[in-house]
Amino acid sequence: MIWDILNGNPRIIEDEEFKWLADRKSEAVRSGDETTANEVWKIEQISGIWNMYINAFSTLKEKSNHQEVWNTLAQIEIKIGSLRKHYNFSNQYKLLFIESTVREFQKLFPYKFFTSRESIIKETRCSICGQIRSLRNPCGHIKGELYNGEMCYREITDIELIAIALVSNPVDKYAVINIQGKEYNYKLLDTFIENLTNPFDEWKVDIIKIKDPVYKKVGRNKPCPCGSGIKYKRCCMKSGNDMMDHFEFSLQKDMIKPDLIGKRFIL
């Protein structure tokens, strides 16, 4: 049953197991046992994180739906952030591993710019009691706290959009920019995922800057290869635009493929 996850068994948690948890939580609420209801919520969150992570890995192995995987990884980050407030994190249930590996995977996506909205939130509603929130009309429920196995959040019911900005480090990672007629290149991600056999293989990636081959043999006083018409030393050499990202991957000793154990490779 669901307790397999507590023993570190990397598998998908089935719908009937989530239903079993929901039933236990309902029983706790009916009996006035809020502590147990909140504990069940934690197990639900951990199980959901596991399912999202394992499904994201499987989709990456299929080399499909890359943006869907990106959104799932962002959702995992949000869920872990919410869980951390109510759960004393260690690497139990591999949560720290999942958290760090999600960040490593995100480094391999080609997304560089995102949209960020500037807006005025005019009205919110409490998810627990449904009451409209305001400074003069507090409902008593605190955002982020647990109440009978449910976390309190604010549902935005009225918002005014003021502006949209382009950012490179977004709060909302869902807001990927898609340009009509253009496709992102996922070759780096697709090539690397071939070397992993299990969602819980251990690896990391280091990104360093190296000179783009286009610029390697260009003299300082020669025209810049970017086509600006300016000398290289006053153009891309000065701005750093002659450098490119260089990815070095480390695969740990518990990797299943023996020829890759302890090795580093570059893409």
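In which sense, parallel or antiparallel, do β1 and strand β2 pair, and over how many bridges? In this predicted model, β1 and strand β2, which covers residues 132–133, pair in the antiparallel sense over two bridges. Within this pairing R125 stands opposite I132 in β2, and the hairpin of β1 and β2 has five residues between the strands, with G130 taking a positive phi near 80 degrees. Strand β1, residues 114–126, also pairs with strand β5, residues 154–167, in the antiparallel sense over 12 bridges, and there the bridge partner of T115 is L166 in β5.

In another pair, the rings of Y111 and Y184 have their centres 4.8 Å apart and their planes at 80 degrees, so the pair is edge-to-face. Y111 counts as buried at 6% relative accessibility, whereas Y184, at 26%, counts as partly exposed. Ring pairs link Y111 and Y184 into a cluster with W70, F109, F114 and Y186.

The loop between α5 and β6 also holds D201, which is buried yet has no salt bridge, the nearest side chain of opposite charge, K61, being 7.3 Å away. The side chain of D201 instead has a polar atom 2.8 Å from the backbone nitrogen of T197, and the D201 side chain reaches the backbone nitrogen of N198 at 2.9 Å.

How values were computed: Residues numbered from 1 in each chain as written. Predicted model: local features only at pLDDT ≥ 70, side-chain atom pairs only at ≥ 80, totals over all residues. Heavy atoms only, no water. Helix = DSSP H or I, 4+ residues; strand = E, 2+ residues; numbered from the N terminus. Buried < 20%, exposed > 50% of the residue type's maximum accessible area, 1.4 Å probe, protein only. Lys, Arg positive; Asp, Glu negative; His and termini not counted. Salt bridge = Lys/Arg side-chain N within 4 Å of Asp/Glu carboxyl O. Polar contact = N/O pair within 3.5 Å; in protein donor to acceptor, adjacent residues only side chain to side chain. Pairing = 2+ DSSP bridges. Phe/Tyr/Trp six-rings, centres within 6.5 Å; stacked < 30°, edge-to-face > 60°.
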